[in-house]
Amino acid sequence: MNITRHHLSLHRRPAAALLAVLAAFALPGCGAKVAPDSRHTAGRSPVTVVNCGVPTTYARPPRRVVTNDVGITELMFALGLEDRMAGYVMPDDKGDVGAVPWKDAYRKVPWLSKKTLTKEIALDAKADLVIAGWNYGFGEDNGLTPASLKKLGIASYVLTESCHHGRDAAARGVMPPLEALYTDLENLGRLFGVQDRARALVARYKRQVADAAAKAPAPARRPSVFLYDDGRDKPLTAGAYAGPHDIISKAGGDHVMKDLKDSWTTVGWETVVARDPDVIVINNYGDTSAAQKKAFLMSYGPLRNVSAIKHHRIYVMDYADLVESPRNPAAIAHLARYLRTVAAGG
């Protein structure tokens, strides 16, 4: 899937540190300003995190970050790090961001480009860190890689959902999708000295996911689900290492492509027909609207006997719900309600 797309250091007394922790639980992701993390310091010591299996050392917390695409941008916003950003790159087909919890951050941080992330954009923004993913901005084919940025004196962080299996492997994904989300939040928390905020977010997201999973239908009653991203000749879909796998599974569905050891990839329509999903989830983004995608699925002859088509069980989700992002836990809760209705015969 080719998805193109600081703060002041304070030394705090123990009581103030406790208040900062409480504030971290209450505020991230709610659109409010977040109190400085109790562990944040001047940040002049190097920080090492494991990124895509590689220990990576950053000399200091970055102050001019450029992010690629909506999910990665909102990772920074959820951690309250918009003041550390020089801007973001994102096409304008990724949904309305005016209603999200981070709408104020979107207004504050410069939208650098609605096209593809490039080295020139990073240089013009005086970036000291670029956060993107393989085929989420980084790519050998376009010449934008962590190695090429390093030559320009710009550090990189690779979105964990997009990590290659190996240095030269085409397939992506090295851990379950939600674990990738939690890993990136924790890594960025360490890098920017906002560990308490990161831990608070991860704890809250895990509770949200657990609540939805606890209400899931019994295994024998779980609807089977296929994720349709786009494509006519061959459908683009999600494998075991892309966000939809955990979103579908934790919501109480049986992901029909769970055996694909990749993140976003293509399959044949014959595979979709053979696996006969009860539900098709449409990824809503791009030049082709969700309505157009649904019309294609409903009229495509080879799918006419697929259960989801026969029973008109097509569910639309926004792009930012389905790629790695802070929206994933809420997306699980929303899909879970729909799947419970399907399991009950609705």
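The model is a predicted one, in which local features need pLDDT of at least 70, side-chain atom pairs count only at pLDDT 80 or more, and totals for chains, interfaces and linings use all residues. Residues are numbered from 1 along each chain as its sequence is written, and side-chain values use heavy atoms, with hydrogens and water left out.

Let me begin with the chain. It contains 13 helices and 14 strands, taken as DSSP runs numbered from the N terminus (helices: H or I, at least four residues; strands: E, at least two). Of its 346 residues, 55% are buried, where buried means under 20% relative accessible area, exposed over 50%, and partly exposed in between, with a 1.4 Å probe and protein chains only. The accessible surface is about 15100 Å², and carbon and sulfur atoms account for 52% of that; the areas come from the Shrake-Rupley method with a 1.4 Å probe.

I turn to the disulfide. The count is 1, a disulfide being a pair of cysteine sulfur atoms within 2.5 Å. Cys52 is joined to Cys163, with an S to S distance of 1.9 Å. The two lie 111 residues apart and link distant parts of the chain: Cys52 sits in the loop between β1 (47-51) and β2, and Cys163 in the loop between β8 and α6 (177-191). The torsion about the S-S bond is about -80°, so this disulfide is left-handed. Cys52 is partly exposed, at 26% relative accessible area, whereas Cys163 is buried, at 0%.

Next, the sheet. Four strands form an open sheet in the order β11-β9-β13-β14, with parallel pairing; two strands pair if DSSP finds at least two bridges between them. β11 (254-255) and β14 (314-318) are the edge strands, each pairing on one side only. Between β9 (224-228) and β11 there are 2 bridges, in the parallel sense, and Val225 has His255 of β11 as its bridge partner.

Finally, the pocket. What is the volume of the largest pocket? It is about 830 Å³. A pocket here is an open set of points on a 1 Å grid over the protein atoms alone, with protein on both sides within 12 Å along at least five of seven lines; lining residues have an atom within 4 Å of a point. The volume is the space filled by probe spheres set on the points. Of the 27 lining residues, Asn51, Thr56, Pro146, Ser156 and Val158 are the closest to the centre. β2 (54-58), α5 (146-150) and β8 (155-158) each supply at least two lining residues.

Key:
On a 1 Å grid over the protein atoms alone, a cavity is a set of points where a 1.4 Å probe fits but cannot get out, and a pocket is an open set with protein on both sides within 12 Å along at least five of seven lines; lining residues have an atom within 4 Å of a point.
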